[in-house]
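Below is a short note for a colleague who has not looked at this structure before. The points are numbered so that each can be checked on its own.

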Amino acid sequence: MALSIGIVGLPNVGKSTLFNALTKAQNAESANYPFCTIEPNKATVPVPDARVDKLTSMVKPQKTIQATVDFIDIAGLVRGASKGEGLGNQFLANIRESAAILQVVRCFDDENITHVDGSVDPLRDIDTIETELLLADVQSAERKLDRTRRQSKGNKEMQNLVSAMERLVAHLDAGNPASTFAEKDTDAMRELYKELGLLTAKKVIYCTNVDEEGLLEDNEHVQRVREFAAQRSCDVVKICAKVEEELQGLDDTEQLEFLSSFGIQESGLVKVIHTGYSTLGLISYFTVGVKEVRAWTIQKGWKAPAAAGVIHSDFERGFIRAEVIGYDDFVKNGSEAACRTAGVLRVEGKEYVVNDGDIIHFLFNV
């Protein structure tokens with residue numbers, strides 16, 4: 001399960017510059033993903049993980065496959081997008097299947113870069129974007145409600161769904177996001193949310209785009225966004241899109257030196273990816289062998305059969321047991337054989353909850 005993040009923002013906030021940096025990162029790694037279809041508005045980039053690098057150096061496999069993140073970009077939204085203004089609304093469907101939304105907001109002043117509303121105000125920009133996402137959800141929910149009403153005649157179960165949907169539409173119409181709807185966790189609503197891909201039900205990460213000076217210390221714009229996000233229990237990532245684009249032309253050593261000149265240790269793209277994992281409650285486990293070292297993304301709290309299912313559905317359906325080695329134990333002992341000898345390889349059953357960093361070999365029979 002690749003993490004998928006939709007990127008939204010007003011025009012001229014640095015969204016396209018950020019996406020260009022992501023696209024360059026994708027192109028630099030594309031040889032490792034021969035079956036990945038690369039679309040103009042989609043960048044698939046590897047998840048930076050020092051543990052994968054360490055395992056690769058120890059095992060020296062024929063190939064290494066990192067977990068990946070899909071970033072999906074749409075045209076800049078403007079006020080009135082839900083009514084057809086601008087181009088952004090035409091592409092909202094592209095991000096409905098995303099797990100999270102990265103909302104890029106401009107947090108720097110530059111008289112040479114025009115702001116669509118004439119001045120820099122990130123909270124106003126956030127309000128504009130979230131209003132348009134909410135209005136788009138209202139339209140989707142109303143269309144679904146109309147269809148369900150027509151299909152519900154004589155069907156009591158569907159009539160109950162109609163009543164629930166009417167309450168959802170009223171909730172959205174009142175200016176409330178789908179994430180705060182009281183009935184969202186019922187079976188019927190979970191299925192409906194999944195079908196509609198309601199944008200205001202998704203986790204949000206606020207991405208503050210600053211100038212180079214703003215990387216060193218939060219400016220007033222960033223401080224306001226952090227305070228706003230804290231009230232909503234949302235994560236914030238600070239980047240300089242211009243710096244991110246420049247980084248893509250450098251090797252690893254040059255990147256570290258360049259970042260150090262700004263007093264930071266990791267790129268904004270790395271921060272975005274790691275924050276995405278944290279926001280969505282995702283972790284990684286590894287499969288390790290001479291043919292391949294690979295990272296797999298799962299939801300924190302998943303049991304072994306479900307984790308096996310991300311490799312292949314047969315692994316989950318015919319699950320027998322899992323042989324598990326903790327990452328630290330593997331590094332300490334140096335190999336699977338040495339871990340067996342040391343007694344740190346464990347045999348786990350269907351109830352085992354996979355931990356972040358587990359190295360697992362699944363046994364199954366179909």
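1. W302 counts as partly exposed, because its relative accessibility is 28% and the buried class ends at under 20%. The residue is found in the loop that runs between β9 (292-299) and α11 (304-309). N355 lies 53 residues from W302 along the chain, and the C-alpha atoms of the two are separated by 8.8 Å. The model discussed here, and in every point below, is a predicted one.

2. Some totals for the chain give the setting. The secondary structure consists of 14 helices and 12 strands. The chain has 366 residues, and 46% of them count as buried. The accessible surface comes to about 18,200 Å², with 48% of that area belonging to carbon and sulfur atoms. If contacts are taken between residues at least 6 apart in sequence, 68% of them join residues at least 24 apart.

3. The next item is a sheet. Six strands form an open sheet with mixed pairing, in the order β2-β4-β1-β5-β6-β7. At the edges stand β2 (42-46) and β7 (235-239); each has a single partner strand, so one side of each is left without a neighbour in the sheet. From one strand to the next, the twist averages 25°.

4. Strand β5 (residues 100-106) pairs with strand β6 (residues 203-209) in the parallel sense, over 7 bridges. For R106, the bridge partner in β6 is N209. A helix also belongs in this picture: α10 (residues 268-280) packs on the sheet and touches β1 (3-8), β2, β4 (68-73), β5, β6 and β7. The direction of α10 makes about 175° with that of β7.

5. How do helix α3 and helix α4 pack? Helix α3 (residues 122-151) and helix α4 (residues 156-173) meet at an angle of about 160°, and their axes are 9 Å apart. That angle makes α3 roughly antiparallel to α4, because angles over 145 degrees are classed in that way. The crossing of α3 and α4 is left-handed. On the α3 side the contact is made by L134, D137, V138, A141, E142, K144, L145, T148, R149 and Q151. On the α4 side it is made by M158, L161, V162, M165, E166, V169, L172 and D173.

6. Is Q159 buried or partly exposed? Q159 has a relative accessible area of 37% and is therefore partly exposed. Leaving out residues up to four places away in sequence, Q159 touches S152, K153 and G154. R149 is 10 residues from Q159 in sequence, and the C-alpha to C-alpha distance between them is 7.4 Å.

7. Helix α3 also packs with helix α7 (residues 220-231), at an angle of about 45° and with the axes 9 Å apart. The two helices, α3 and α7, are therefore oblique to each other. From α3, the residues making this contact are P122, L123, I126 and E130. From α7, they are H221, R224, V225 and F228.

8. Strand β10 (residues 319-325) has 5 of its 7 residues buried, so it is largely enclosed by the rest of the structure. With strand β12 (residues 359-364), β10 pairs in the antiparallel sense over 6 bridges. A322 has F362 as its bridge partner in β12. With strand β11 (residues 346-348), β10 pairs in the antiparallel sense over 3 bridges. Here E323 stands opposite V347 in β11.

9. V324 is a residue of strand β10. Its relative accessibility is 0%, and it therefore counts as buried. Which residues is V324 in contact with, leaving aside neighbours within four places in sequence? They are V344, L345, R346, E348, Y352, D358, I359 and I360. F362 is 38 residues from V324 along the chain, and the C-alpha atoms of V324 and F362 are separated by 8.6 Å.

Key:
Residues numbered from 1 in each chain as written. Predicted model: local features only at pLDDT ≥ 70, side-chain atom pairs only at ≥ 80, totals over all residues. Heavy atoms only, no water. Helix = DSSP H or I, 4+ residues; strand = E, 2+ residues; numbered from the N terminus. Buried < 20%, exposed > 50% of the residue type's maximum accessible area, 1.4 Å probe, protein only. Contact = heavy atoms within 4.5 Å. Areas by Shrake-Rupley, 256 points an atom, 1.4 Å probe, with all protein chains shown as cover. Pairing = 2+ DSSP bridges. Axes fitted to C-alpha atoms, helices over the stretch in contact; angles between N-to-C directions. Parallel < 35°, antiparallel > 145°, perpendicular 65-115°, else oblique. Left-handed = near helix turned anticlockwise from the far one by under 90°.
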